[in-house]
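Biologist: Hi! Could you walk me through this one while I have it open?
Modeller: Happy to, let me bring it up.

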Amino acid sequence: MALTGLDIYKLLPKTNCGDCKSPTCLAFAMRVAQKQASLDQCPHVTAEAKEKLGAASAPPIQLVTIGTGDAKIVIGNETVMFRHEETFHHPAGVAVTVSDELSEADIAARCDKIAKLVFERVGTRIAVDMVCVMNDSNDPAKFAAATKLVAEKCPKALVLGSENAEALKAAVAVCADKRPLLCGATAENHQAVAALAKEKNCPVVAKANGLEALADLTQKISAAGVKEIVLYAGEQGLRQTLEDLTKARRYALKKTFRPLGYPQLTCVLGNDDPMLAVLNAATFMAKYSGVIVTDMIEPWQLMPLLTVRMNIYTDPRSPIQVEAGVHRVGEPNAKSPLLVTTNFSLTYYTVEGDVESSKVPTNILVVDTEGTSVLTAWAAEKFTTDQIAKAMKKNEVEKLAPHKKIIIPGLIAVESGKLQEETGWEVVVGPKESSGIPSYLKANWGS
Ligand code: SF4
């Protein structure tokens, strides 16, 4: 049975020293009970208490690290079923496959293409994180050679896809320093694969059909001394996979069922319909895949998937914001327009993109609205005359725009009169939607 906060508190030092970043031992105990903190964060807890609390206070979903250095990705350690309850902490890794049956030139070309799967979205870089080398040949030597080439050509974390323990051993020998994910251990090979994972300190995928068989297998792998395990319940279609992903997460979080308390892996491979493949992968991303292995490689397929990941794994409690102040687009001069908008990333980058496409150099005054969009900020009185006038003063915009004209979003046209009175500037009402900015700027400010 799960321990309560009070049970945990009784075993803590009760000095309220704050070294665990909680104000008191009781607050820390409550966080541990809610799986929001781990016992390791208290440096003063005794060995005896650790032993008593160890199992009960471990995170319900094991943290798993794949790769090293800049290519390292960390998955698991999630604490909630729904993002709005708190946040999802560790974004799922996306692994694109490379077959060991390809020629050297084709492997190099595919690696090159994977390395270029990097995109920018609302000012953030999003990219494919892993390459999954597939042992389609079932030949250990071919698998090792392909793995070596991929490791040299592509600076990403590696997944080694083979159920052949000899092939896994040969491939790990050429990339053990990269801490690859061994995919995977089955009912038949788990002893050899778990021994290899333990010896090389690599995480391992447990592969079995269905959750019962998986729970059985993870207990054997864990008993062999491997703690970083990823679950894979097989390819079973969208409905069954989604059901298993959800059940495993529920068992781990709600029942603290340790044999399923690991991040999960899904595969989206060999789909004839490329659009459906993107939709399936996005569905698994939302609930609750920790690693997605796919043969999709086109930017138009990967960008939406990575965008979904970005949206799901941002903290709903703190919207993404850009820095308040004046942002320059192009090389604006004293005759250039001055637009004003909020510091919500999505709003800002939409406006910035539309200004860029107008090809009219422009200054954009970004007002700190605590990461809210135009109408939300206005309704919350964070983007009204007072805030805009203050931002204009603080940023000395008269030096940038001696013409003393400022363009406000059409959605807050109601502020124009008051802002004009308050600042003495000519307040121009711009388009309601950002998409109207290019034609508006070209028609009114183009040379
Ligand atoms: S670090 Fe340990 S002893 Fe100090 S306040 Fe936190 S729980 Fe208490």
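Biologist: Let's start with the ligand. How many residues surround the ligand, and which are the closest?
Modeller: The ligand has 13 residues around it, and the closest are Cys17, Asp19, Cys20, Cys25 and Cys42. Keep in mind that this is a predicted model.

Biologist: Noted. How do the residues of that shell divide into nonpolar, polar and charged?
Modeller: Seven are nonpolar, five are polar and one is charged.

Biologist: Okay, zooming out. What domains does the protein chain have in its domain assignment?
Modeller: The assignment gives domain 1 at 5-57, domain 2 at 64-312 and domain 3 at 325-445. Between the C-alpha centres of domain 2 and domain 3 there are 45 Å.

Biologist: And the overall dimensions? What does the C-alpha trace span along its principal axes?
Modeller: About 80 × 65 × 35 Å for the protein chain. Its secondary structure comes to 17 helices and 17 strands, and 42% of the 447 residues count as buried.

Biologist: What about contacts along the sequence?
Modeller: If you take contacts between residues at least 6 apart in sequence, 65% of them join residues at least 24 apart.

Biologist: Let's pick a helix. Which residues of helix 5 are buried?
Modeller: In helix 5 the buried ones are Pro140, Phe143, Ala144, Ala146, Thr147, Val150 and Ala151. They lie on the same side of helix 5, because they cover an arc of only 165° around the axis.

Biologist: Nice. Which exposed residues are on the face turned away from the buried side of helix 5?
Modeller: That face carries Ala141 and Glu152.

Biologist: And what do the buried residues of helix 5 pack against?
Modeller: Their partners are strand 3 (93-99), strand 6 (130-134) and strand 7 (157-161), along with helix 4 (104-115) and helix 6 (165-173).

Biologist: What span should helix 5 have, going by its number of residues?
Modeller: Helix 5 runs over residues 140-153, and its 14 residues at 1.5 Å a residue should span 20 Å. The end C-alpha atoms are 20 Å apart, so the two agree.

Biologist: Last topic, then: where is Asp216?
Modeller: Asp216 sits in helix 8, residues 211-223. It counts as partly exposed because 14 other C-beta atoms lie within 10 Å, whereas buried would take 20 or more and exposed 12 or fewer.

Biologist: What separates the C-alpha atoms of Asp216 and Gln240?
Modeller: A distance of 19 Å, with the two residues 24 apart along the chain.

Technical notes: Residues numbered from 1 in each chain as written. Predicted model: local features only at pLDDT ≥ 70, side-chain atom pairs only at ≥ 80, totals over all residues. Near = placed C-beta within 6 Å. Nonpolar A, V, L, I, M, F, W, Y, C, P; charged D, E, K, R; others polar. Domains from an automatic or database assignment. Helix = DSSP H or I, 4+ residues; strand = E, 2+ residues; numbered from the N terminus. Contact = placed C-beta atoms within 7 Å. Expected span 1.5 Å × (residues − 1). Arc of directions from axis to C-beta.
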